[in-house]
Amino acid sequence: MMKEKARIHSRRELAEGIVSMWLKCSLADHAEPGQFVLVYPKDSSRLLGRPFCICEVNPEGDEIRIVFRISGKGTEEIAALEYRDIVEVEGPLGKGYPLECAAGKQVLLMGGGIGAPSLLFLAQRLKKSIVSYGGAKNVSALLGYRNSALKRFLADDFLNVGIQTMIATDDGSDGIKGNVVEVAKRLHSQRVLLPQLIYACGPMPMLKAVGEFAAELKIPAYISLEEHMACGVGACLGCVVPTKERDGHSNVHNARICTEGPVFEASEVLW
Amino acid sequence: MVKKNPDLSVSLCGITFKNPITCASGTFGSGMEYAQFVDLNRLGAITTKGVSDRAWEGNPTPRVTETPSGMMNAIGLQNPGMEVFAKRDLAFLAKYDVPVIVNVCGHILEEYKNVVEFLSDKEGIAMFEINVSCPNIREGGMAFGTSPKELLHVTKEVKAVSKKPVIMKLSPNVTSMADMAKAAEQGGADGISLINTFTAMKIDVYRRRFVLANRTGGLSGPAIHPIAVRMVYEAAHAVEIPVIGMGGIASAEDALEMLMAGARMAAVGMMNFHEPEAMVHVIDGIEKYMEETGTEKIVDLIGCLD
């Protein structure tokens, strides 16, 4: 593996502060759902790569899509890149979502805010698996946003996958009112949504609540975590998550999010 | 005047290194993660992440944050402990033809001695680097490395149990680098390495919170490089024992500055995170510099200015 130069193939703002980019790079042909890349700012005063999940890969396998929120100077600089600009990327990094456990199950994808992009690539793979032996039974997505100003970004992409896609907003200005976990609970009690497996990505409090919800239903939940990162490859031990069991690599109750994760089984995490 | 195949080898404490470049402890693990990016055999040495007698959990997150041309960390020396290190990391490193410098950490003197005693008989260790300069743990660490008297005592005690050369890694959070270097030398150290990180603080003004869970962290990266060069110069001119220089090295020129300031070897730290091949680029750059300037031996550059 090495750092490589990627070319920006397209750039679009999906909502205010939410940017979608397609990058032409060789890492695309072996990326898996839930894995991430580091994108390096060019400004030499900003030396650390910014981690972004791989939102999807084009059918030719030579481009990746990233969708991210502008949240600081580094992401601001990356968001300002234009068509044909070159940027350094490293990846694919980390362990993604396990797919085999979806076999024969009703699967629910839960995305909170900027967590949604992490699940699109997964949705495509799971949908493809439905028709083949050993795949998921069915897949639906529940995407949560703060409000309608976020223009339910990526929701059309999930619909285009051909799966049931539901929208929730915190203030009820679009879709169902409530956060994704509240809404999932409500739909479950109405027997509209009866998941046997959950995959989720979003802010930490949401992921904790997803873990509790899954525990109530006695079903597994795989969650993708986020943390400040430095090396992104498991050397610096900057991005760890406390775990219930002693981690095999670290020999302590802290697992590396960039290497053992970013996807963990929710019940492994010590909240 | 272009000279081909210049001699990059250096010797330190009776050991010959094929070139003067190693990694700064904690920025490269034991090389396992970076072996997919870098041919480890190219490196002058591998300096491991700190090893303690038992496994350490480290600090809560956030542990790292970026700063202008640098970063701050407060990992808290998370490590699997010396037994796992010996069984797994040393076995991994044995596959490579590269000297290994094992960094040792502890809360109290006994812990440092436990590690050094336990590892002294293990195969594949060139020397120990004793971390008496970590700013991110409450006891031990920097507490030993900021008082000349304490430093002298720790050095003496560790030397007494070590069967390998001992390098003391010094903190820059002191008034006089020269005094600390002398204390290590008087304690019997075979060499010194510097600098560890500067104690620093960053505040998120919008959340009104410290950015790092530990409140303070160690500042590293190119931002600190000129201070590191000055401190290496001061230390190298205060003692006879060899010096390993580090602090924000990002290029061959930066590493050459360290050597000219008096360091026998130079270590690349934070820049490994920016560019996994950073050390190889530095080594190639030094070779090119030597060819272009007609320098036959790298040792001719070490401490070449007074």
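Student: What do I need to know about numbering and about what counts?
Tutor: Residues are numbered from 1 along each chain as its sequence is written, and chains are lettered from A and ligands numbered from 1 in the order written. The model is predicted, so local features need pLDDT of at least 70 and side-chain atom pairs pLDDT 80 or more, while totals for chains, interfaces and linings use all residues, and side-chain values use heavy atoms, without hydrogens and water.

Student: How many residues does each chain give to the contact?
Tutor: Chain B gives 39 residues and chain A gives 31, contact meaning heavy atoms within 4.5 Å.

Student: And how much area do chain B and chain A bury?
Tutor: About 2900 Å², with 56% of it on carbon and sulfur atoms. Buried area is the accessible area (1.4 Å probe) that two parts lose on being put together, summed over both.

Student: Which three residues supply more than any other three on chain B's side?
Tutor: B:Glu66, B:Phe273 and B:His274, which supply 21% of the area that chain B buries against chain A.

Student: What does B:Glu66 form a salt bridge with?
Tutor: Its partner is A:Arg50, and the closest N and O atoms are 2.7 Å apart.

Student: Which element gives the most to the side of chain B that touches chain A?
Tutor: E5(B), with 4 residues. Strands here are DSSP runs (E, at least two residues), helices are runs of H or I of at least four, and both are numbered from the N terminus.

Student: New topic. Where are the cis peptide bonds?
Tutor: One joins B:Thr61 and B:Pro62, with omega about -5 degrees. B:Pro62 is in the loop between strand E4 (46–47) and E5 of chain B. Another joins B:Leu194 and B:Ile195, with omega about 10 degrees. B:Ile195 is in the loop between strand E10 (191–194) and strand E11 (198–201) of chain B.

Student: What is phi of A:Arg191?
Tutor: Near 60 degrees, a positive value in a residue other than glycine. A:Arg191 lies in the loop between helix H4 (180–189) and strand E12 (197–201) of chain A.

Student: Why mention these?
Tutor: Because most residues other than glycine have a negative phi, and most peptide bonds are trans.

Key
A salt bridge is a side-chain nitrogen of Lys or Arg within 4 Å of a carboxyl oxygen of Asp or Glu.
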